[in-house]
Amino acid sequence: MQVIKSAAEMRQAISPEKATGKKIGFVPTMGALHEGHLELVKKSLEQNDLTVASIFVNPLQFNNVTDLQAYPRALDEDLEMLRQTGLFATFCPEIADMYTDQPRVSIDFGHMETVLEGKYRPGHFNGVGIVVSKLFNIIQPDHAYFGLKDLQQFLLVQKMANDLSFPVQVIGVETYRSSSGLALSSRNRRLSNHGLEIAANIYKGLQMAKQKIAEGQPIQRTLDSVLEFYNSTSGLSVEYFEIVKADDLMSVENTSPKSDLAVCVAAYVEGVRLIDNLYLHLH
Ligand code: AMP
């Protein structure tokens with residue numbers, strides 16, 4: 001596996017492969033890797049001739065400097081983990097190489113960036129859109145793999161690729177969970193064992209919501225009862241908990257929706273912000 005530090009070298013490495021018609025898979029990450037990231041890598045290795053991963057903690061997508069500074073970093077361990085997988089290359093650029101200038105272009109995703117994560121992290125999806133666009137242009141993948149844990153990110157990147165005609169197919173990968181149900185996340189590294197136990201209740205609430213909706217309970221009542229469960233869990237502080245349409249993230253007002261839904265939550269445990277969601281297939 002090549003470890004590539006600059007955009008110019010990355011282009012140089014990928015161009016001849018692209019020229020021979022090889023299918024290129026791409027897995028963008030911010031590092032501090034875990035099994036969830038490896039699931040994306042595995043999918044890409046299966047579906048492409050070669051796979052490139054990237055590790056880049058993108059300052060542009062952090063609206064909060066403290067959050068950016070506290071974001072876990074473990075580059076040596078990450079590269080060791082990735083070396084075992086059979087990747088073609090890992091691209092880990094410096095900030096100065098990715099952002100020679102502060103970008104003048106910004107990406108406005110319209111309504112879909114004003115809800116859920118976008119509502120609480122202003123500017124976050126502009127930062128995601130810019131960095132993903134740059135990475136797509138540098139790596140020129142045929143397929144790019146994103147986790148459904150970050151459902152809003154996946155949907156927005158997929159729509160951006162379509163709106164801007166990027167020649168890449170954006171593929172969503174199921175959320176990988178620990179045996180407690182907790183979605184794996186780089187941020188989990190900042191939790192104590194007790195914090196991990198508290199955080200497992202995030203998924204329990206999502207499952208409760210799924211069960212209640214399947215039983216025909218109205219959406220608002222479902223939200224209220226699960227929120228009561230969350231609020232009674234000591235150490236868990238919910239930022240948002242919503243049920244939305246799974247394709248456009250619009251809120252669901254009627255009690256008998258026709259399209260698939262997603263239950264989405266963001267919560268703090270021990271000062272760490274965690275997100276999760278669950279698809280509700282209605283048909
Ligand atoms: P991150 O490094 O957190 O930016 O994540 C990089 C990619 O891995 C994103 O597409 C995430 O959605 C995905 N990812 C993170 N955690 C998981 C997980 N538990 N299961 C599946 N994909 C994940």
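Visitor: Which residues line the second largest cavity?

Guide: Happy to start there. In this predicted model, that lining is made up of Lys149, Leu182, Ala183, Ser185, Asn188, Ile202, Leu274, Ile275 and Asp276. The volume of this second largest cavity is about 40 Å³.

Visitor: How is such a space found in general?

Guide: Rolling a probe the size of a water molecule over the atoms shows where empty space is left. Here that search gives two cavities of 30 Å³ or more.

Visitor: Which element gives the largest share of the lining of the second largest cavity?

Guide: Strand E9 does, with three residues. By residue class, the lining divides into five nonpolar, two polar and two charged.

Visitor: And what is the volume of the largest cavity?

Guide: About 860 Å³. It has 45 lining residues, and the closest to its centre are Met30, Tyr71, Lys149, Asp150 and Gln153.

Visitor: Which elements give two or more residues to the lining of the largest cavity?

Guide: On the helix side, they are H2 (35–47), H6 (116–120), H7 (124–139) and H8 (151–163). The strands are E2 (24–29), E5 (143–147), E8 (261–269) and E9 (272–280). Helix H7 gives the most, with six residues.

Visitor: How do the residues of that lining divide into nonpolar, polar and charged?

Guide: There are 21 nonpolar, 16 polar and eight charged residues in the lining of the largest cavity.

Definitions and conventions: Residues numbered from 1 in each chain as written. Predicted model: local features only at pLDDT ≥ 70, side-chain atom pairs only at ≥ 80, totals over all residues. Heavy atoms only, no water. 1 Å grid on protein atoms, 1.4 Å probe; cavity = no way out; pocket = protein on both sides within 12 Å on 5 of 7 lines; lining within 4 Å. Points joined across faces, edges and corners; volume = space filled by probe spheres on them. Helix = DSSP H or I, 4+ residues; strand = E, 2+ residues; numbered from the N terminus. Nonpolar A, V, L, I, M, F, W, Y, C, P; charged D, E, K, R; others polar.
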